[in-house]
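Hello,

Please open the structure below and keep it on screen while you read. My notes on it follow.

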Amino acid sequence: MSGPIVRPYGDTTGDGMVQMSFTLPVPHDKRAEGAALQLAGKMGMDPAMLVHAKQMGDGFTFFVVYGRVNHLVDLSAVQVVERDFPLLSAKEVNAVVKRRLRRKLSVVGACIGTDAHTVGIDAILNVKGIAGEKGLEYYRELKVTNLGAQVSVPDLVEAARAERADAVLVSQVVTQRDAHLHNTREMSAAFREAMPAGKRPLLIVGGPRFDEMMTAELGVDRIFGRGTTPGEVASYLVHALITQKAKASA
């Protein structure tokens, strides 16, 4: 270990205390509580204390366990995707698009497959935005097409073609059986098959369960995780598209 080393704490610095929650498919009784503590022990919590247990429907129990772990974290070994583009205001985004692209930047967004959870894509695209920050529809130089929920991949490709999309934004919240990964791979493969490399839009996916390190594996240009704001997405679009244009004209 070569970098700064840290250890979790709950009551005093470095005490190694952590809190963990999980659900077991058992009804709530003494045996269930013992099972929860056994699981916590196998995960390295010693000692482990059960601080909350509640029946969650028929035959399921939710637990919260508090205990000590001995694990250390080497901060120099942590891998993350750092933001590699400047954050721009809406005014700056509009100005750059108008000056450099000389046309409106076309964005198509959707939830694909069986995913009906539009809260994520709406937070980024709808003018009302999220947490006081307006969505991409607010940007004067952006042309936004929000296809909504449960859009098939072929329909998304056709919409992107019809709208001459510069970027396609896909939100995936449903993750059972890795549905978000399957859908994303299907989407990226469909765009590769339907359009030549120089004509494809930027492919961007977002959702709470994505690993931002998986862009190459999933065949997309960018992955945004939880907490992403419309301003971040708009800034990335401007940066990526202008970078592409500069490379194409070089």
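**Salt bridges**

The side chains of R140 and E141 form a salt bridge, with 3.6 Å from N to O. A salt bridge here is a side-chain nitrogen of Lys or Arg within 4 Å of a carboxyl oxygen of Asp or Glu. This is a predicted model, in which local features need pLDDT of at least 70 and side-chain atom pairs count only at pLDDT 80 or more, while totals for chains, interfaces and linings use all residues. Residues are numbered from 1 along each chain as its sequence is written, and side-chain values use heavy atoms, with hydrogens and water left out.

E141 is buried at 10% relative accessible area, whereas R140 is exposed at 52%. Buried means under 20% relative accessible area, exposed over 50%, and partly exposed in between (1.4 Å probe, protein chains only).

By the salt-bridge rule the count comes to six. Another of them joins E163 and K143, whose closest N and O atoms are 2.2 Å apart. E163 sits in the loop between α4 (153–162) and β8 (167–171), and K143 in strand β7 (residues 142–146), so this pair ties together parts 20 residues apart in sequence. Helices (H or I, at least four residues) and strands (E, at least two) are DSSP runs, numbered from the N terminus. E163 is partly exposed at 27%, and K143 is partly exposed at 37%.

R185 also forms a salt bridge, with E217, at 3.0 Å between the closest N and O atoms. R185 belongs to helix α5 (residues 179–194) and E217 to helix α6 (residues 215–218), so the pair links parts that are 32 residues apart in sequence.

**The sheet**

Strands of a sheet pair through backbone hydrogen bonds, either parallel or antiparallel. In this model, three strands make an open sheet in the order β2-β4-β3, with antiparallel pairing. Two strands pair if DSSP finds at least two bridges between them. Which strands stand at the edges? They are β2 (17–24) and β3 (48–55); each has a single partner strand, so one side of each is left without a neighbour in the sheet. β3 pairs with β4 (residues 61–68) over seven bridges, and M49 stands opposite Y66 in β4.

Helix α1 (residues 30–42) lies across β2, β3 and β4, at about 130 degrees to β2. Contact means heavy atoms within 4.5 Å. Axes are lines fitted to C-alpha atoms, for helices over the stretch in contact, and angles run from 0 to 180 degrees between N-to-C directions.

Regards
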